[in-house]
Protein chains: 2
Amino acid sequence: ARKPSKSQPKPCKNFVLYYHDIMFGVDDVQNATSAAVTNPPGLGNFKFGKLVIFDDPMTIDKNFQSEPVARAQGFYFYDMKNDYNAWFAYTLVFNSTQHKGTLNIMGADLMMVQSRDLSVVGGTGDFFMSRGIVTFETDTFEGAKYFRVKMDIKLYECY
Amino acid sequence: ARKPSKSQPKPCKNFVLYYHDIMFGVDDVQNATSAAVTNPPGLGNFKFGKLVIFDDPMTIDKNFQSEPVARAQGFYFYDMKNDYNAWFAYTLVFNSTQHKGTLNIMGADLMMVQSRDLSVVGGTGDFFMSRGIVTFETDTFEGAKYFRVKMDIKLYECY
């Protein structure tokens, strides 16, 4: 039988936020929150090499028009020939009465897996020297224009 | 009054260096230390999406012509629609009699904040498995050609 996975410890901090990405087209500067900065080189049909820079709102609920509690600033790119798959590096920037500080995150966004983990590799301010895991779950997407990811942030090292 | 920020421990290693970035134009290969590799897609007027790769000198004083004590190798990009804001991932490469090794750093460069923190996520050589915080302060800039950042490097985990 499969080796039972080591039970993971209880996080010292845990919160769930929704990440909203609205891709810049040609004329919607007002609403867009991200923009592609490379042209995919044609390696397969799943946007391999498309790199997107973002400043995306993070909300407590699923509504992208809710007041953001943080901003996600960073980039992702698509990196698979025969299916959609991505890679992320970004910072969660908190600037509210509740939280002041940042969390730095990177890892593989294995899009065809229902829930996938990335690493929180560091934190600053209220999150001084924190480390942990973020679990991504694709919540919804509308063509190439908008997608929402549920991000379950679990810190296992808190100062 | 503002909640007194939790006292941060004393760093096990701490040094301040100046980062100098001289942007490649058209004909100044000799002096340039960085170059843009994307064309900003037009999302706002603050260079959103401009991605710059650099191999920049790090000096002990403010003079970019002083002998560098390290090189900063990595990239930054601008990522905000309505103000200047950036994101960095880079390595400090030390190759002197004093230090041999590297420090790996990433995070949000919140340019409109006087001093802002990024994460030292790892280290090698003399900095084996180190972790900590780097505080950025913009020291000066000359148009789009040159800028200098004071980087206060504080390691809180040293082997």
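Reader: I want to learn how to read a disulfide. Which residue is joined to B:Cys12 by a disulfide?

Author: A disulfide is a covalent bond between the sulfur atoms of two cysteines. In this predicted model, B:Cys12 is joined to B:Cys158, with an S to S distance of 2.1 Å. The link of B:Cys12 and B:Cys158 is right-handed, with 85 degrees about the S-S bond.

Reader: How many disulfides does the structure hold over all chains?

Author: There are 2. The other one joins A:Cys12 to A:Cys158, again with 2.1 Å from S to S. The A:Cys12 and A:Cys158 link is right-handed, at 85 degrees about the S-S bond. It connects distant parts of chain A: A:Cys12 comes before β1 (13-22), A:Cys158 comes after β9 (146-157), and 146 residues separate them. A:Cys12 is partly exposed at 42% relative accessibility, and A:Cys158 is partly exposed at 30%.

Reader: Next, the backbone. What is the phi of A:Met129?

Author: Most residues other than glycine have a negative phi, and most peptide bonds are trans. A:Met129 has a positive phi of about 60 degrees, although it is not a glycine. A:Met129 sits in the loop between β7 (116-125) and β8 (131-142) of chain A. In chain B, B:Met129 likewise has a positive phi of about 60 degrees, and its place is in the loop between β7 and β8 of chain B.

Reader: Now the contact of the two chains. How much area do chain B and chain A bury between them?

Author: The size of an interface is often given as the accessible area lost when the parts come together. Here chain B and chain A bury about 2,500 Å² between them, and 65% of it is on carbon and sulfur atoms. On the chain B side, the residues that lose the most area to chain A are B:Leu43, B:Met106 and B:Arg131, which together account for 20% of what that side buries. The contact takes 32 residues from chain B and 36 residues from chain A.

Reader: Which residue of chain B forms a salt bridge with A:Glu157?

Author: B:Arg131 does, and the closest N and O atoms are 3.6 Å apart. The rule finds 1 salt bridge across the interface of chain B and chain A.

Reader: How many salt bridges does the structure hold over all chains?

Author: It holds 13. One of them pairs the side chains of A:Lys145 and A:Asp28, at 2.3 Å from N to O. A:Lys145 is in the loop between β8 and β9 of chain A, A:Asp28 is in the loop between β1 and β2 (34-36), and the two are 117 residues apart. A:Lys145 is partly exposed at 36% relative accessibility, whereas A:Asp28 is buried at 16%.

Reader: What is the N to O distance in the salt bridge of A:Arg71 and A:Asp55?

Author: It is 3.0 Å. A:Arg71 lies in strand β4 (residues 70-78) of chain A and A:Asp55 in strand β3 (residues 51-59), so this pair ties together parts 16 residues apart in sequence. A:Arg71 is partly exposed at 29%, and A:Asp55 is buried at 9%.

Note on methods:
Residues numbered from 1 in each chain as written. Chains lettered and ligands numbered in written order. Predicted model: local features only at pLDDT ≥ 70, side-chain atom pairs only at ≥ 80, totals over all residues. Heavy atoms only, no water. Contact = heavy atoms within 4.5 Å. Buried area = accessible area lost by both parts, 1.4 Å probe. Salt bridge = Lys/Arg side-chain N within 4 Å of Asp/Glu carboxyl O. Disulfide = S-S within 2.5 Å. Helix = DSSP H or I, 4+ residues; strand = E, 2+ residues; numbered from the N terminus. Buried < 20%, exposed > 50% of the residue type's maximum accessible area, 1.4 Å probe, protein only.
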